[in-house]
Amino acid sequence: AATRHEAESAPAICDGVVESNHTGYSGSGFCNGGNAVGAAAQFTATASAAGTATVAVRYANGGAADRPADLLVNGAVAHAGVTFAPTGAWTAWGTRTLTVPVNAGANTLRLSPTTADGLANIDYLDFEAGGTPPAEGRQ
Ligand code: GCU
Ligand code: CA
């Protein structure tokens, strides 16, 4: 089963403000990142072994344009420019699922926006470790 990491709860970090003014979030709120390149939401998730993990990021984007962000794992870009497409309203939440490489032990997963609009509002990251590391040169 996946482990839920709420964006508003330590050790998660929100480069912005934790808010609860748009309904439909899990936990006690969501991360409204600053509207700036690099204003990130960061999570720490633990894997029992090195390999891959599936992460599902719940978000809302009530704007008209994508809110792209790089997903960095332990400081290295695992996915560049993940789109985070509009969800139609700030109260409408969607999920973006990605596979990432992980180390045994604690891993930092950082969503770093690449445009001046900043991140979509981020609710949580579900993390499920499992699977074998990708073969070299694959991905
Ligand atoms: C609005 C909305 C925020 C959102 C922001 C944005 O202010 O209420 O929740 O984060 O737009 O465009 O980033
Ligand atoms: Ca924002």
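## Terms and model

Two strands pair if DSSP finds at least two bridges between them. Strands are DSSP runs of E with at least two residues, helices are runs of H or I with at least four, and both are numbered from the N terminus.

This is a predicted model, in which local features need pLDDT of at least 70, side-chain atom pairs count only at pLDDT 80 or more, and totals for chains, interfaces and linings use all residues. Residues are numbered from 1 along each chain as its sequence is written, while chains are lettered from A and ligands numbered from 1 in the order in which they are written.

## Confidence

The chain averages a pLDDT (the predictor's confidence in each residue, from 0 to 100) of 95. A score of at least 70 is reached by 94% of the residues. For the complex, the predictor gives an ipTM of 0.98 and a pTM of 0.94. Where pLDDT is low, the predicted coordinates should not be read in detail.

## Overall build

The chain has 11 strands and zero helices. For its 139 residues, a compact globule would have a radius of gyration near 14 Å, and the chain agrees, at 14 Å. That radius is taken over C-alpha atoms, and the globule rule is 2.2 Å times the number of residues to the power 0.38. The C-alpha trace spans about 40 × 30 × 20 Å along its principal axes.

Two residues are in contact if their C-beta atoms, placed from the backbone, lie within 7 Å. Among contacts in the chain with a separation of 6 or more, 73% join residues 24 or more positions apart.

## Domain record

UniProt lists residues 3-128 for "domain: CBM6", in an unreviewed entry. Its positions are given in the numbering used here, feature names are shortened, and annotations may be inferred rather than shown by experiment. Over residues 3-128 the chain is 55% strand and 0% helix. The end C-alpha atoms of that range are 6 Å apart.

## The five-stranded sheet

Five strands form an open antiparallel sheet, in the order S2-S5-S10-S7-S8. S2 and S8 (76-82) are the edge strands, each pairing on one side only.

S2 (residues 13-14) is joined to S5 (residues 41-47) by two bridges, and the two strands run antiparallel. Here Cys14 stands opposite Ala41. S5 then pairs with S10 (residues 105-113) over seven antiparallel bridges. Thr44 has Thr108 as its bridge partner in S10. S10 and S7 pair over five antiparallel bridges. Across them, Asp70 stands opposite Ser112, and Leu71 stands opposite Leu111.

The side chains of S7 alternate.

S7 and S8 form a hairpin with two residues between them. In the turn, Asn74 has a positive phi of about 55 degrees. The two strands pair over four antiparallel bridges. Leu72 has Val77 as its bridge partner in S8.

## The nonpolar core

Of the 139 residues, 36% count as buried. A nonpolar core is a set of buried Ala, Val, Leu, Ile, Met, Phe, Trp, Tyr and Cys residues joined through C-beta atoms within 7 Å. The largest such core has 33 residues. Ala7, Ala41, Leu111 and Ile122 have the most contacts inside it. Two or more core residues come from each of S4 (30-33), S5, S6 (51-60), S7 (69-73), S9 (94-102), S10 and S11 (121-129). In soluble globular proteins, nonpolar side chains tend to be buried together.

Leaving aside residues up to four places away in sequence, Ile122 touches Ala7, Phe30, Cys31, Gly33, Ala41, Val57, Tyr59 and Leu111.

## Two partly exposed residues

Asp126 lies in S11. It counts as partly exposed because it has 18 C-beta neighbours inside 10 Å. Not counting residues up to four places away in sequence, Asp126 touches Ala2, Arg4, Val55 and Ala56. Asp126 and Phe43 are 83 residues apart along the chain, with their C-alpha atoms separated by 10 Å.

Gly51 sits in S6. Gly51 counts as partly exposed because it has 16 C-beta neighbours inside 10 Å. Gly51 and Ala64 are 13 residues apart along the chain, yet their C-alpha atoms are separated by 36 Å.

Technical notes:
Buried ≥ 20, exposed ≤ 12 C-beta atoms within 10 Å, placed from the backbone.
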